[in-house]
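Reader: I am new to this structure. Please take me through one part of it closely, and then show me what surrounds that part.

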Amino acid sequence: MDVRIQAIHFDASEKLVAFINKKAERIARHYPALTAVDVTLKVVKPETAMNKQAIIKLTVPQEPELVADKTADSFEEAIDLALEALDRQLEKRKDK
């Protein structure tokens, strides 16, 4: 599985990159068909609260791409929220 992290207009810390990789490995264990996880991190309107945005795209062969876009006070929280949404999408797709 390929994990790509893109931080727009800032440098992601090693701690944040490790957190993302850990979460990506956890979701890959539950869904072994995943081939790629693309994570895009942005700071939206720096003067406000709830300004950390995480966009996560999951690639599964022969399936449409799954995308979740969440905004929170921290990148870790936004990533957790996005992965929860993607987990629900994967469960729905698995049931079909």
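Author: The buried residues of helix 1 are Leu16, Phe19, Ile20, Lys23, Ala24, Ile27 and Ala28. Buried means under 20% relative accessible area, exposed over 50%, and partly exposed in between, with a 1.4 Å probe and protein chains only. Seen down the axis of helix 1, these residues fall within an arc of 165°, so they line one face of the helix. The arc is that of the directions from the helix axis to the C-beta atoms. The face turned away from the buried side carries the exposed residues Glu14, Lys15 and Arg29.

The model is predicted: local features need pLDDT of at least 70, side-chain atom pairs count only at pLDDT 80 or more, and totals for chains, interfaces and linings use all residues. Residues are numbered from 1 along each chain as its sequence is written, and side-chain values use heavy atoms, with hydrogens and water left out.

Helix 1 covers residues 14-30 and has 17 residues. From first C-alpha to last it reaches 25 Å, close to the 24 Å expected at 1.5 Å a residue. That expected span is 1.5 Å times one less than the number of residues. Helices (H or I, at least four residues) and strands (E, at least two) are DSSP runs, numbered from the N terminus.

Four strands form an open sheet in the order 1-2-3-4, with mixed pairing. Two strands pair if DSSP finds at least two bridges between them. Strand 1 (2-7) and strand 4 (66-72) are the edge strands, and each pairs on one side only. Helix 1 packs on this sheet and touches strand 1, strand 2 and strand 3. Contact means heavy atoms within 4.5 Å. The direction of helix 1 makes about 145° with that of strand 1. Axes are lines fitted to C-alpha atoms, for helices over the stretch in contact, and angles run from 0 to 180 degrees between N-to-C directions.

Strand 2 (residues 36-43) and strand 3 (residues 52-59) run antiparallel, joined by eight bridges. Val39 stands opposite Ile56 in strand 3. Ala36 has Thr59 as its bridge partner there.

Strand 3 also runs antiparallel to strand 4, through seven bridges. Six residues lie between these strands in their hairpin, where Gln62 takes a positive phi near 55°. Leu58 has Leu66 of strand 4 as its bridge partner. Leu66 is buried, with a relative accessible area of 3%. Beyond its neighbours within four places in sequence, Leu66 is in contact with Ile56, Lys57, Leu58, Leu86, Gln89, Leu90 and Arg93.
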